[in-house]
Amino acid sequence: VQLQASGGGLVQAGGSLRLSCSASGRTLSWYSIGWFRQAPGQERNLVAVISRGSTTYHTDSVKGRFTISRDNAENTVYLQMNTLKPEDTAVYYCAAGDWNGVRYGTANYWGQGTLVTVSS
């Protein structure tokens, strides 16, 4: 599976962005999909996960502001990010695998990342 993350960019604090994770070679509906982020000088951390059955998990730092969703017809998983803060600045990656693998950072497949920059 080749994953491609897109939708990053520069936004002011309080603004919104929607990230997309698409795939070639396999249908994403077979996998749980996670979004991760890595800020400069920091480790990569989980942001949100969605299961094959659309059960979701969001970390406390983004709960209520970010929403992960999937559109199997479009073979795409989204991360809607609202009320963005400067501390959300990071490279965002999507990953695919089984629920526990994605949830704990050992997913089978990873995308290349898209940069989100939130200015104050």
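Is Tyr31 buried or exposed, and what is its relative accessible area? In this predicted model, Tyr31 is buried, with a relative accessible area of 11%.

Let me turn to the aromatic pairs, of which the count is 2. Tyr31 forms one of them with Tyr109: the ring centres are 5.7 Å apart and the planes stand at 75°, so the arrangement is edge-to-face. Tyr31 belongs to the loop between E3 and E4, while Tyr109 belongs to strand E10, residues 109-110, so this pair ties together parts 78 residues apart in sequence. Tyr109 itself is partly exposed, at a relative accessible area of 25%.

Phe36 and Trp110 also pair. Their ring centres lie 4.8 Å apart with the planes at 55°, so this pair is tilted. Phe36 is in strand E4 and Trp110 in strand E10, so parts 74 residues apart in sequence are tied together. Phe36 is buried, with a relative accessible area of 3%, whereas Trp110 is partly exposed, at 26%.

I now come to the nonpolar cores. The largest has 28 residues, and those with the most contacts inside it are Trp35, Leu79, Met81 and Tyr92. Strands that each supply at least two residues of this core include E1 (2-6), E4 (32-38), E8 (76-81) and E9 (90-97). A second, separate core of 6 residues includes Phe36, together with Leu46, Val49 and Val102.

Returning to Met81, its contacts beyond four places in sequence include Leu17, Leu19, Phe66, Tyr92 and Val116.

Finally, two arginines deserve mention. Arg18 lies over the face of Tyr78, 4.1 Å from the ring centre. The charged end of Arg44 is placed over the ring of Tyr93, at 5.5 Å from its centre.

Note on methods:
Residues are numbered from 1 along each chain as its sequence is written. This is a predicted model: local features need pLDDT of at least 70, side-chain atom pairs count only at pLDDT 80 or more; totals for chains, interfaces and linings use all residues. Side-chain values use heavy atoms; hydrogens and water are left out. A nonpolar core is a set of buried Ala, Val, Leu, Ile, Met, Phe, Trp, Tyr and Cys residues joined through side-chain atoms within 4.5 Å. Buried means under 20% relative accessible area, exposed over 50%, partly exposed in between (1.4 Å probe, protein chains only). Helices (H or I, at least four residues) and strands (E, at least two) are DSSP runs, numbered from the N terminus. Contact means heavy atoms within 4.5 Å. Rings of Phe, Tyr and Trp (its six-membered ring) pair if their centres lie within 6.5 Å; planes under 30 degrees apart count as stacked, over 60 as edge-to-face and the rest as tilted. A charge sits over a ring if NZ of Lys or CZ of Arg is within 6 Å of the ring centre and within 35 degrees of the ring normal.
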